[in-house]
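Follow the chain through its contacts, from charged pairs to rings and strands. Keep the sequence beside the 3D view as you read.

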Amino acid sequence: MRLVFAGTPEVAVPALDALIASDRHEVVAVVTRPDAPAGRGRKLVASPVAERAEEAGIEVLKPAKPRDEDFLARLREIAPDCCPVVAYGALLPKAALDIPAKGWVNLHFSLLPAWRGAAPVQHAVLAGDEVTGASTFQIETGLDSGPVFGVLTEEVRPTDTSGDLLTRLAFAGSGLLVATMDGIEDGTLQAVPQPSEGVTLAPKIEVEDAKVDWAAPALRVDRVIRGCAPAPGAWTVFRGERLKLMSAVSAADHAELGLEPGELAVTKKAVHVGTGSHPVELIWVQPQGKKPMKAADWARGVRIEGGERLGDRP
């Protein structure tokens with residue numbers, strides 16, 4: 001089939017690579033979000049998908065909005081058979097959905113109908129799911145509600161961050177997306193409507209959602225830190241400034257420390273924080289305006305005093 005691929009971030013690149021490598025289909029164009037400011041200089045930078053497409057000599061379309069008439073007209077000229085999508089980042093209007101003969105097919109990183117929305121992997125980690133996966137489905141006007149072509153499952157490991165899990169799903173899902181294109185082309189694959197039971201929503205994780213509540217049990221604190229890594233990043237407050245929490249581990253064997261929620265206990269090699277249950281040990285942190293560092297190095301630098309806490313309290 002003649003394909004127009006839609007995607008934006010790094011997580012979409014493995015699927016684009018797999019489709020380019022397919023000997024049954026031709027990626028004739030790519031749709032991605034417009035160049036965005038990045039880095040300290042805030043220079044405009046092309047998306048990872050745009051960069052990969054340009055390397056491969058594939059036409060790149062960057063509509064400000066996918067309902068723009070210039071974009072729709074160009075898509076009609078290209079006349080794709082199907083449009084596979086991975087993390088494009090914008091809602092597609094019906095005028096765009098109607099152009100390819102076999103529609104738009106999304107690779108979504110959850111077992112639908114669970115975790116419909118922008119942040120399925122983060123919500124799976126936050127909820128403590130033991131198994132998640134990826135689904136390919138026909139895009140409709142509803143939010144991730146279209147009929148499903150295929151699924152794969154993936155174990156959520158106890159130490160997985162959202163970034164870890166998403167990387168594995170991106171590579172495993174690329175094969176699922178190619179297999180879905182193959183099945184659509186030869187007519188052996190039919191989409192099945194999603195069940196009405198089991199629907200959960202996965203809205204974007206906002207910065208405020210990533211604030212750690214030290215009064216919560218250690219299990220919850222651990223999930224927030226892992227679920228929000230690498231973005232938007234779990235955080236707390238120390239001496240009035242934001243401290244990003246990049247990784248931590250449960251420290252049930254240090255319950256004898258008797259720490260109050262948010263209270264710090266520091267040794268030469270470890271930084272423990274009290275929670276609503278047993279302590280957690282901070283592994284990597286990032287102070288405001290600085291690079292990530294080991295928690296023990298941070299603690300030595302700021303010279304934590306006895307009884308100091310993380311959180312809103314002075």
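E59 forms a salt bridge with R74, and their closest N and O atoms are 2.8 Å apart. A salt bridge here is a side-chain nitrogen of Lys or Arg within 4 Å of a carboxyl oxygen of Asp or Glu. The pair links distant parts of the chain: E59 is in strand 5 (residues 59–61), R74 in helix 3 (residues 69–78), 15 residues apart. Helices (H or I, at least four residues) and strands (E, at least two) are DSSP runs, numbered from the N terminus. E59 is partly exposed, at 29% relative accessible area. R74 is partly exposed too, at 28%. The cut-offs are these: buried means under 20% relative accessible area, exposed over 50%, partly exposed in between (1.4 Å probe, protein chains only).

This is a predicted model: local features need pLDDT of at least 70, side-chain atom pairs count only at pLDDT 80 or more, and totals for chains, interfaces and linings use all residues. Residues are numbered from 1 along each chain as its sequence is written, and side-chain values use heavy atoms, leaving out hydrogens and water.

How many salt bridges does a search of the whole structure find? It finds 16. One of them joins R168 and E154, with the closest N and O atoms 2.7 Å apart. R168 lies in helix 6 (residues 162–186) and E154 in strand 9, so the pair ties together parts that are 14 residues apart in sequence. Both R168 and E154 are buried.

Another salt bridge stays inside one helix. D222 pairs with R226, the closest N and O atoms being 3.0 Å apart. The two are separated by about one helical turn because they sit four residues apart in helix 7. D222 is buried at 14% relative accessibility, and R226 is buried at 11%. Elsewhere, salt bridges that share partners join R24, D182, E185 and D186 into one network.

Now turn to the rings. The whole structure holds one aromatic pair. F238 belongs to strand 10 (residues 234–238) and W298 to helix 8 (residues 295–302), 60 residues apart.

Strand 10 leads on to its partner. Five bridges join strand 10 to strand 11 (residues 241–250), and the two run antiparallel. Strands pair if DSSP finds at least two bridges between them. The bridge partner of F238 in strand 11 is E241. Two residues lie between the strands of this hairpin, where R239 takes a positive phi near 50°. Strand 11 is also joined to strand 14 (residues 280–287) by seven bridges, again antiparallel. There, A248 has L282 as its bridge partner.

Some backbone details remain. A cis peptide bond joins A231 and P232, with omega about 0°. P232 is in the loop between helix 7 (218–227) and strand 10. Another cis bond joins L112 and P113, with omega about 15°. D144 has a positive phi of about 50° although it is not a glycine. D144 lies in the loop between strand 8 and strand 9, and counts as buried at 11% relative accessibility. R303 also has a positive phi, near 55°. R303 is exposed, at 68% relative accessible area, in the segment after helix 8.

Methods
Rings of Phe, Tyr and Trp (its six-membered ring) pair if their centres lie within 6.5 Å; planes under 30 degrees apart count as stacked, over 60 as edge-to-face and the rest as tilted.
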